Amino acid sequence: MTTADRRTVYVSRTLPELRSRLRAERAFGRSIGFVPTMGALHAGHASLVQRAAAATDVAVASIFVNPLQFGPTEDLSRYPRTPEADLELLAAAGAKHLWMPEVATMYPPGSCTSVGMKGLIDVLCGRSRPTHFGGVLTVVLKLLLQVQPDIAFFGRKDYQQALVIRRMVRDLDVPTCIETCLIVRETDGLAMSSRNRYLTAEERAQAPALRAALLAAQSAFLAGERRPAALVREASDRLALAPLFRIDYLEIRDPETLELRDEPARPGDLVAIAAHLGKARLIDNLLLAQD
Ligand code: AMP
């Protein structure tokens, strides 16, 4: 394969087009790795595509800003869209196919079926965004049925999202392995996110405090503190040094069941945070004594 061949990304906009291209790939016995995204791509997305290209024969990415996962007062209409730069990033990261459906292709008139889940989607981001994970699960199941990948790759930045997708795939016997990949960060520790573009210079300067807050809880845990409330206080005191932040949640939970942790906190517990900074709502997380 020449470099020029490798850089070609085949863009499919209709389902028959996508299916016939991927049928051809499968006919050659090639395994398929899939990275769903909402576009406005950055190095975090690129890392998932690189991982897909390394672990499977054909890396497929999708770009679809899914209206179903945005609440009525959220940023659907102003969500950043950078299709040309996205295509370049995908080519450089090793994607061979891009699936870019329109909303009407994904949800034709009359669509009325959705995926539900109890428990896991009601806490953390699900509490402040009550319709969010239903929308995520519905679109991800549709994307998995459309692409039929061997492996699908998700980022751990969206910890709860990766967990609920894993749960759905297990519960519904979807024949795809789910791989969760590490968080890619800016040099100052801020987790990369398409929504970081919303930040003003002043907000961007305070943004690393989100990660610093998690690390404050981590340091206290490593120094022997085991009371969840005390660990949360360490983190919220640190975040208070960046006064532009408004906390949505900051909690310590079981990393699998997402149950709120009673005393004592344990190695591997999830510390998850979401906070508003200007027009952006940012999330981050770490696992105690593991990250
Ligand atoms: P999004 O376009 O925000 O829906 O994200 C698409 C995928 O990229 C999801 O699996 C995210 O978890 C993942 N992702 C987003 N930001 C990062 C990051 N900084 N590091 C690793 N993965 C990420």
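Trainee: Which element gives the largest share of the shell around the ligand?
Mentor: Helix 3 does, with three residues. Helices here are DSSP runs of H or I with at least four residues, strands are E runs of at least two, and both are numbered from the N terminus. This is a predicted model, where local features need pLDDT of at least 70, side-chain atom pairs count only at pLDDT 80 or more, and totals for chains, interfaces and linings use all residues. Residues are numbered from 1 along each chain as its sequence is written, and side-chain values use heavy atoms, with hydrogens and water left out.

Trainee: Okay, and how many residues surround the ligand?
Mentor: There are 16, and the closest are His45, Gly155, Asp158, Val184 and Met192.

Trainee: Which backbone atom lies 2.8 Å from a nitrogen atom of the ligand?
Mentor: A backbone N or O atom of methionine 192 does. Valine 184 also has a polar backbone atom 2.8 Å from a ligand nitrogen, and one of methionine 38 is 2.9 Å from a ligand oxygen. A polar contact is a pair of N or O atoms within 3.5 Å.

Trainee: How much of the ligand does the protein bury?
Mentor: The protein buries 93% of the 480 Å² that the ligand exposes when taken alone. Those accessible areas come from the Shrake-Rupley method with a 1.4 Å probe.

Trainee: Switching topic, what are the domains?
Mentor: The domain assignment gives domain 1 (3-181) and domain 2 (194-287); such bounds come from an automatic or database assignment. Their centres, taken over C-alpha atoms, are 27 Å apart.

Trainee: And how many residues are in contact there?
Mentor: 24 residues of domain 1 are in contact with 20 of domain 2, contact meaning heavy atoms within 4.5 Å.

How values were computed: A residue is near a molecule or strand if one of its heavy atoms lies within 4 Å of it. A polar contact is a pair of N or O atoms within 3.5 Å; within protein, one must be able to donate a hydrogen and the other to accept it, and residues adjacent in sequence count only if both atoms are side-chain atoms.
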